[in-house]
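Here is a short note for someone opening this structure for the first time. The points below can be read alongside the sequence and the model.

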Amino acid sequence: MTEIAILGAGMAGLGAAHRLGAEGVGTAIFEKHAFHGGHASSFAHPTGFVFDDGPHISFTKSDRVRELFAQGVDGEYLESPTRVDNYWRGHRIKHPAQCNLYGLPEDLVVRVLVDFIAATQQDHPEPKDYREWLIATYGKTFAETFPMQYGRKYHTAAAEEMTTDWLGPRLYRPELEEVLRGALAPSTPDVHYVSQFRYPKRGGFVSFLERFAATSELRLGCCVVGVDTGSRTMRFADDSEVDYGHLVSSLPLPEIVKLVVDVPDDVQAAAERLACTECIVVNVGVDREDLSDCHWTYFYDRDVVFTRVNYPHLLSPNNVPAGSGSVQAEVYYSRKYLPRTEEPEALIEPVIADLKRCSVLSDDDTILHTNATLVRYANVIFDHDRTAALDRVRGFLADVGVETCGRYGEWGYHWTDESFTSGEDAAQRVLDRIGSPVS
């Protein structure tokens, strides 16, 4: 009998275990993989290169979470001011592009400015979708040239197919003076929503979680194949069973719905309407460090295979052998809007070819490492089906005693600290039910 069972040993699952452990409540985390970390995992390769499971940095505004992560690595982290740029048709543009139009084709800049000024002088109705929001915010020319193109690559859905529920601070809304100054001057103030970030000195991003994993009852290699919420029993792939008192799940909602017995048809249908991207991550190690001045770059061109590139050796020099550099490229698909036909390894050569075409790599570079992985759950797609489907699925799971948490358990656009605190919140809801004191 496990008093409180947690499914998934990623950010949210370990956050839940941390909260429960603070109250001395018995719990166990069940993780199907042989490693912990979930989407925040890191992998050290025999070649000496360390790559995370997609790009991860810590830029939380929470002093408490910042201190928890710092303690997790015994203060052994690096703190860096964020440097981000954009690539569009051979141009390198400081981020955000709407404030840094200097050096782009004159005709394009004029049309962007004319449209932006017109948009600021109009009264706009409440936008029905992301496309209407973009045009009302930036004007038609900029919206269609930049964020709509990038969004189609990143989300796989067209802007009109998406809501605006996910925006938050992610797209900067400049004043007219900022746009004009950025069109006339080569240097502008930094206004990215991530001003600085932290990253572990060694071991990749997952190192922030090592202490939480070490202090949890972590059961790796335990693949749950069924959950009977009536008898409160979990069945595993090896035919073993575990009884539980309460259940916290950080699994993706479509996956936990598949596991629960006797799920109503309409709940199953709602889970199938929840859309997300999947990502092929291509990792490349090369024999030089001077690959970029920026930590990551957004690529707008639709004929460039990848959507975003980050440079792990700039996060920590210990992510690579001495004198080397590393590149991590992301290529997005989705079962709903852009089904994947390629296997991960098939994208290694196209990614390298486009890295050379975009002058990230050169023909003289010696490739020291390559590998490609598939992230089946990457980013939630905030399309028009999401809200109703999410309410039905989470409502059903709550009714049968499954507390869901994390990016995929809440089906939201969570950053790492939000995933961790989402797990804590789910644990607190359980504590409230069993009458444990609130600390």
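Between which two helices is the place of aspartate 262? Aspartate 262 sits in the loop that runs between helix H9 (253-259) and helix H10 (265-273).

1. Basis of the note. This is a predicted model, in which local features need pLDDT of at least 70 and side-chain atom pairs count only at pLDDT 80 or more, while totals for chains, interfaces and linings use all residues. Residues are numbered from 1 along each chain as its sequence is written, and side-chain values use heavy atoms, with hydrogens and water left out. Helices (H or I, at least four residues) and strands (E, at least two) are DSSP runs, numbered from the N terminus.

2. Aspartate 262. With a relative accessible area of 73%, aspartate 262 is exposed; here buried means under 20% relative accessible area, exposed over 50%, and partly exposed in between, with a 1.4 Å probe and protein chains only. Aspartate 262 is not a glycine, yet it has a positive phi of about 60 degrees.

3. The negative patch. Aspartate 262 also belongs to a negative surface patch, together with Asp228, Asp238, Asp239, Glu241 and Asp243. Patches are made of residues with over 30% relative accessible area and no salt bridge, like charges being joined within 9 Å and nonpolar side chains (Val, Leu, Ile, Met, Phe, Trp, Tyr) within 5 Å. Asp and Glu count as negative, Lys and Arg as positive, and His and the chain ends are not counted.

4. Tryptophan 411. This residue is not a glycine either, and has a positive phi of about 55 degrees. Tryptophan 411 is found in the loop between helix H14 (406-409) and H15. Is tryptophan 411 buried or exposed? Its relative accessible area is 0%, so tryptophan 411 is buried.

5. A cis peptide bond. Histidine 95 and proline 96 are joined by a cis peptide bond, with omega about 0 degrees. Proline 96 is placed in the loop between E7 and helix H3 (106-120).

6. Arginine 89. The loop between strand E6 (84-88) and strand E7 (91-94) holds arginine 89, which is exposed at a relative accessible area of 61%. From C-alpha to C-alpha, arginine 89 and valine 360 are 14 Å apart in space, and they are 271 residues apart in sequence.

7. Salt bridges. Side chains of opposite charge can pair when their charged atoms come close. How many salt bridges does a search of the whole structure find? The search finds 30 salt bridges, each defined as a side-chain nitrogen of Lys or Arg within 4 Å of a carboxyl oxygen of Asp or Glu. One of them joins aspartate 190 to lysine 94, with the closest N and O atoms 2.8 Å apart. Aspartate 190 lies in the loop between helix H7 (176-184) and strand E8 (196-200) and lysine 94 in strand E7, so this pair ties together parts that are 96 residues apart in sequence. Aspartate 190 is exposed at 66% relative accessibility, whereas lysine 94 is partly exposed, at 28%.

8. Further salt bridges. Arginine 181 pairs with glutamate 177, the closest N and O atoms being 3.0 Å apart. Both are in helix H7, and because they are 4 residues apart, about one helical turn separates them. Arginine 181 is partly exposed at 46% and glutamate 177 exposed at 53%. Lysine 128 and glutamate 132 meet in a salt bridge of 2.6 Å, N to O. Glu278, Arg335, Arg340 and Glu343 are linked in a salt-bridge network.

9. Aromatic pairs. The structure holds 27 aromatic pairs. Rings of Phe, Tyr and Trp (its six-membered ring) pair if their centres lie within 6.5 Å; planes under 30 degrees apart count as stacked, over 60 as edge-to-face and the rest as tilted. Phenylalanine 69 and phenylalanine 420 form an edge-to-face pair, 5.8 Å centre to centre with 85 degrees between the planes. This pair links distant parts of the chain, with phenylalanine 69 in helix H2 (residues 63-72) and phenylalanine 420 in helix H15 (residues 416-434), 351 residues apart. Phenylalanine 69 is buried at 1%, and phenylalanine 420 is buried at 0%.

Conventions:
Areas by Shrake-Rupley, 256 points an atom, 1.4 Å probe, with all protein chains shown as cover. Charge placed at Lys NZ, Arg CZ, Asp CG, Glu CD.
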